[in-house]
Amino acid sequence: MGLPGKFSLPILFVTLFLCGASAAQDLPEASSPHGFWDRANKIFFASHATLEALDFGITHLNLSDGGRELDPMAKALCESGTAGQLVFFGGRMAGVVAISYLLHKTGHHKLERAFPVYASGDSAYGVAYSFAHRQGASHKN
């Protein structure tokens with residue numbers, strides 16, 4: 001289900017603001033120390049995609065068992081059914097790759113690596129929280 005919206009939204013806005021401010025500067029063309037789709041980024045994105053898939057699965061299970069979405073940013077999509085959940089979790093994955101790419105293109109290579117790690121932590125928190133608060137868990141013997 002992810003971190004409550006009060007943390008996710010400000011971090012997203014700060015990241016986008018910093019990227020936009022850095023892109024607005026006239027900097028000489030610097031060569032990138034690595035390609036965007038290098039081994040490290042592939043590992044970061046694969047691990048994040050795995051955590052997003054787990055978060056989607058447990059959220060879908062909880063909502064189908066009568067649970068409710070607590071993240072105000074996700075509530076409308078996730079409570080509208082499977083299609084909305086796919087849009088939300090797929091959009092989060094696409095957003096992580098897009099922001100990381102923007103950071104790469106603007107020369108912020110440490111932030112490019114840090115952002116998918118942060119997003120994976122957010123997804124891992126959502127998975128752990130969802131497993132800890134499973135709706136069907138209290139009904140099983």
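**View 1. Surroundings of Phe36 in the predicted model**. Apart from neighbours within four places in sequence, the contacts of Phe36 are Asn41, Phe45, Val97, Ser100, Tyr101, His104 and Glu112.

**View 2. The largest nonpolar core**. Nine residues form this core: Phe36, Phe45, Met93, Val96, Val97, Ile99, Leu103, Phe115 and Ala119. Helices α4 (82-105) and α5 (109-132) each contribute at least two residues to the core. Five residues, the largest share, belong to α4. Another core lies apart from this one and has six residues, including Phe56, Leu63, Ala74 and Phe89.

**View 3. Salt bridge between Arg92 and Glu52**. The side chains of Arg92 and Glu52 form a salt bridge with an N to O distance of 3.0 Å. Arg92 lies in helix α4 and Glu52 in helix α2 (residues 39-64), so the pair links distant parts of the chain, 40 residues apart. Arg92 and Glu52 are both buried.

**View 4. Salt bridge between Asp122 and Arg92**. The closest N and O atoms of Asp122 and Arg92 are 2.9 Å apart. Because Asp122 is in helix α5 and Arg92 in helix α4, this pair ties together parts 30 residues apart in sequence. Asp122 and Arg92 are both buried. Salt bridges link Glu52, Arg92 and Asp122 in a network.

**View 5. Salt bridge between Glu79 and Lys75**. This is one of four salt bridges in the structure. The closest N and O atoms of Glu79 and Lys75 are 3.3 Å apart. Glu79 counts as partly exposed because its relative accessibility is 39%. Lys75, at 33% relative accessibility, also counts as partly exposed.

Terms used: Residues numbered from 1 in each chain as written. Predicted model: local features only at pLDDT ≥ 70, side-chain atom pairs only at ≥ 80, totals over all residues. Heavy atoms only, no water. Core = buried A, V, L, I, M, F, W, Y, C linked by side-chain atoms within 4.5 Å. Buried < 20%, exposed > 50% of the residue type's maximum accessible area, 1.4 Å probe, protein only. Helix = DSSP H or I, 4+ residues; strand = E, 2+ residues; numbered from the N terminus. Contact = heavy atoms within 4.5 Å.
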